[in-house]
Amino acid sequence: QARRDSQKRDGKPTVRAKTLKQTGGKVVISEPISVKELSSSTGIKANEILRKLDLSGVVLTVNDNIETSQAMELMMEWGIELEVTEQQSAEATIVESFTSREMVNEQSRSPVVTILGHVDHGKTSLLDKIRKANVADGEAGGITQATSAFCVPVKAGETERVVTFIDTPGHEAFTEMRSRGAKVTDIVVLVVAADDGVMPQTIESINHAKSAGVPIVVALNKIDKEQATDDNIQRILGQLAEHDLNSVDWGGTTEVIRTSAIKEIGIQDLLDILDYQAELLELKADFGGAAEGSVIEAHIAEGRGPVANILVQQGKLKKGDFIVAGKGYGRIRALIDENGKQVNEAGPSTPLAILGLNAVPEAGDKIYVVKSLKEAESSAKERTQQA
């Protein structure tokens with residue numbers, strides 16, 4: 001009575017909210033669509049929906065899912081337009097959770113350096129010297145490297161830090177990783193032979209580094225060769241300048257370090273410059289939380305199954321973690337460091353070989369640690385279907 005009186009005073013009649021069934025209109029709903037959900041979103045009784053479906057020969061219960069196209073068609077009869085948001089793929093859900101990750105324990109991390117250059121310009125011997133320079137003499141001959149990357153301690157003044165080097169088996173691997181958007185490298189060392197100069201693969205390397213948006217340090221190698229005359233060196237600096245790599249000698253910003261792998265000249269200078277460049281980049285990563293990383297290369301090893309050489313980029317990777325890597329998934333059976341030793345966990349900028357995947361991933365595939373084997377499996381299966 002009181003409400004009716006107040007309405008008389010306000011002069012406003014009671015208006016009952018109309019359902020969509022009466023008014024028609026648009027409803028946003030997300031996949032998968034159950035009959036129950038469709039009913040509550042549109043205000044149409046579940047029984048009515050089921051009856052209509054039954055008439056068209058589809059028998060469902062209230063908790064069953066209805067095909068998207070069928071739901072859209074059905075709702076048209078009531079003048080309701082369904083806007084359906086697609087179900088996010090398992091992979092997308094995982095990626096999103098890492099993209100929006102909360103940092104658990106942010107700290108400075110080691111820089112990751114890739115060495116590129118023309119064939120025969122001394123990349124391999126330079127890498128060997130960098131490794132040997134930091135391994136006790138007794139061991140130097142007997143290293144069998146377990147991963148395609150390794151860490152080198154660098155003493156800069158009083159502080160000792162670490163630089164991680166990726167030994168790419170060739171340009172193909174680097175191109176493959178780049179084309180798949182894998183951001184693995186922080187700095188590129190471009191090896192140019194002082195007795196030769198800028199060659200087609202050198203230019204290719206420069207373009208790779210530029211498209212990856214990473215700084216380039218030039219190692220002018222084989223500086224001990226008699227053809228490495230001052231005139232020749234100036235000519236090479238000119239060639240580099242043509243590709244926007246203006247050396248510090250010429251008033252530019254590109255560091256050009258004169259090295260010789262054979263005579264062990266300039267190795268420490270190169271490491272010092274890389275350490276300095278890393279400081280400028282202020283590289284940080286999360287040393288806690290779920291791990292993610294990238295595959296550098298992978299293969300099948302006899303008696304071990306798929307082995308992936310990876311680089312941890314965020315979080316802490318632990319033995320026993322459930323992981324997904326491209327088309328592969330599994331539980332980590334073993335983490336093997338660069339010297340072939342088993343470890344229980346590893347943090348950012350650490351290269352490792354991992355065992356436990358069911359299939360061989362591709363170079364550049366991202367690796368994510370997930371909560372369960374089921375989650376890892378559904379993401380890997382999607383990837384296989386896409387492929």
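1. A word on terms before the details: buried means under 20% relative accessible area, exposed over 50%, and partly exposed in between, with a 1.4 Å probe and protein chains only. This is a predicted model, in which local features need pLDDT of at least 70, side-chain atom pairs count only at pLDDT 80 or more, and totals for chains, interfaces and linings use all residues. Residues are numbered from 1 along each chain as its sequence is written, and side-chain values use heavy atoms, with hydrogens and water left out.

2. For the overall picture, the protein has 13 helices and 21 strands (DSSP runs numbered from the N terminus: H or I of at least four residues for helices, E of at least two for strands). Of its 387 residues, 45% are buried.

3. Helix α12 covers residues 267-281, and its 15 residues span 21 Å from first C-alpha to last, close to the 21 Å expected (1.5 Å times one less than the number of residues). Its buried residues are Ile267, Leu270, Leu271, Ile273, Leu274, Asp275, Gln277 and Ala278. After α12 comes Glu282, with a positive phi near 45 degrees.

4. Why does Gln277 count as buried? Because its relative accessible area is 12%. Beyond neighbours within four places in sequence, Gln277 is in contact with Ile187, Pro215, Val217 and Glu255.

5. Ser39 sits in helix α3, residues 35-42. Its relative accessibility is 14%, so Ser39 is classed as buried. Setting aside neighbours within four places in sequence, Ser39 is in contact with Ile44, Lys45, Ala46 and Ile49.

6. Two cavities of 30 Å³ or more turn up in a search of the whole structure. A cavity here is a set of points, on a 1 Å grid over the protein atoms alone, where a 1.4 Å probe fits but cannot get out; lining residues have an atom within 4 Å of a point.

Methods
1 Å grid on protein atoms, 1.4 Å probe; cavity = no way out; pocket = protein on both sides within 12 Å on 5 of 7 lines; lining within 4 Å. Points joined across faces, edges and corners; volume = space filled by probe spheres on them. Contact = heavy atoms within 4.5 Å.
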